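Open the model in your viewer and keep the selection tool at hand. The tour goes stop by stop.

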Amino acid sequence: MKNLIIPICVVFILFSCKQGAKASVSDIKENTSEVIEEKTDSIIEVVQEPIKKTTQQIKEELTSKGFKVFDYVDEKTQDTVLMQQYFMAFLKTGPIRGQNEEETALLQKEHLAHLSKMYELGYADISGPFGDEGTIRGITIYNVPTLKMADSLANADPMVKAGRLEIEIHPWWAGKGFPLR
């Protein structure tokens with residue numbers, strides 16, 4: 001009888017552990033996924049890195065959109081530098097300067113809104129006034145493919161339409177992606 005009790009106990013213990021293990025494994029899986037989700041939300045931050053394009057890819061993309069570009073190899077760094085044509089619009093003192101203070105303030109507000117819109121739409125990369133009281137009041141650098149488009153955007157400025165400013169535009173070349181310092 002002793003010989004029979006011991007194997008029955010062993011089978012009973014094994015069977016009990018096996019059932020307990022099944023419940024524990026499924027519980028652990030549920031708890032683990034919950035913990036991972038909590039850590040994902042609070043600890044892990046997903047950062048999307050911009051896709052880096054080659055100079056040739058950028059050149060082809062710009063050319064397909066009508067931009068004028070050329071490239072050269074920098075002798076010092078041996079990097080290929082891509083040059084793009086932009087259009088620099090000089091905002092000059094216009095012939096009609098007789099607006100009263102209220103009209104001038106409204107035109108200035110509309111002028112700044114126009115420049116902000118040009119920047120937001122990607123048509124202008126930088127704008128700003130000069131710090132002196134000369135006849136050239138400021139500049140805007142247009143990032144568009146043609147002089148005609150730059151001229152049209154610059155002349156849509158409310159200050160220009162009112163005659164308070166006038167535009168003089170010149171093609172200008174700069175290295176693509178070079179920041180101001």
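Is aspartate 71 buried, partly exposed or exposed? Select aspartate 71: at 31% relative accessibility, it counts as partly exposed. Buried means under 20% relative accessible area, exposed means over 50%, and partly exposed lies in between (1.4 Å probe, protein chains only).

Before moving on, two notes on the model. This is a predicted model, in which local features need pLDDT of at least 70 and side-chain atom pairs count only at pLDDT 80 or more, while totals for chains, interfaces and linings use all residues. Residues are numbered from 1 along each chain as its sequence is written, and side-chain values use heavy atoms, with hydrogens and water left out.

**Stop 1: salt bridges**

Aspartate 71 lies in strand E1 and lysine 59 in helix H2 (residues 55-64), so the pair ties together parts that are twelve residues apart in sequence. Lysine 59 is partly exposed, at 23% relative accessibility. A salt bridge here is a side-chain nitrogen of Lys or Arg within 4 Å of a carboxyl oxygen of Asp or Glu. Helices (H or I, at least four residues) and strands (E, at least two) are DSSP runs, numbered from the N terminus.

The whole structure has five salt bridges. Select lysine 53 and glutamate 61 next: their side chains meet at 2.6 Å, N to O. Lysine 53 is partly exposed at 44%, and so is glutamate 61 at 32%.

Now go to arginine 137 and glutamate 133. The closest N and O atoms of this salt bridge are 3.6 Å apart. Arginine 137 is partly exposed, with 25% relative accessible area; glutamate 133 is exposed, at 71%.

**Stop 2: the hairpin**

Select residues 69-73 (E1) and 80-93 (E2). These strands pair in the antiparallel sense over five bridges. Pairing requires at least two DSSP bridges between the strands. Valine 73 has threonine 80 as its bridge partner in E2. Six residues lie between the two strands of this hairpin, and glutamine 78 in the turn has a positive phi of about 65°.

**Stop 3: the cores**

Which residues have the most contacts inside the largest nonpolar core? Select Tyr142, Ile167 and Ile169; the core has 16 residues. E2, helix H3 (101-120), helix H4 (147-155), helix H5 (158-161) and strand E5 (165-175) each supply at least two of its residues. A nonpolar core is a set of buried Ala, Val, Leu, Ile, Met, Phe, Trp, Tyr and Cys residues joined through side-chain atoms within 4.5 Å.

A second, separate core has six residues, including Tyr86, Met88, Ile141 and Ala174.

Centre on tyrosine 142. Beyond four places in sequence, its contacts (heavy atoms within 4.5 Å) include Tyr86, Phe87, His114, Met118 and Leu153.

**Stop 4**

E2 and strand E4 (136-142) each give two or more residues to the lining.
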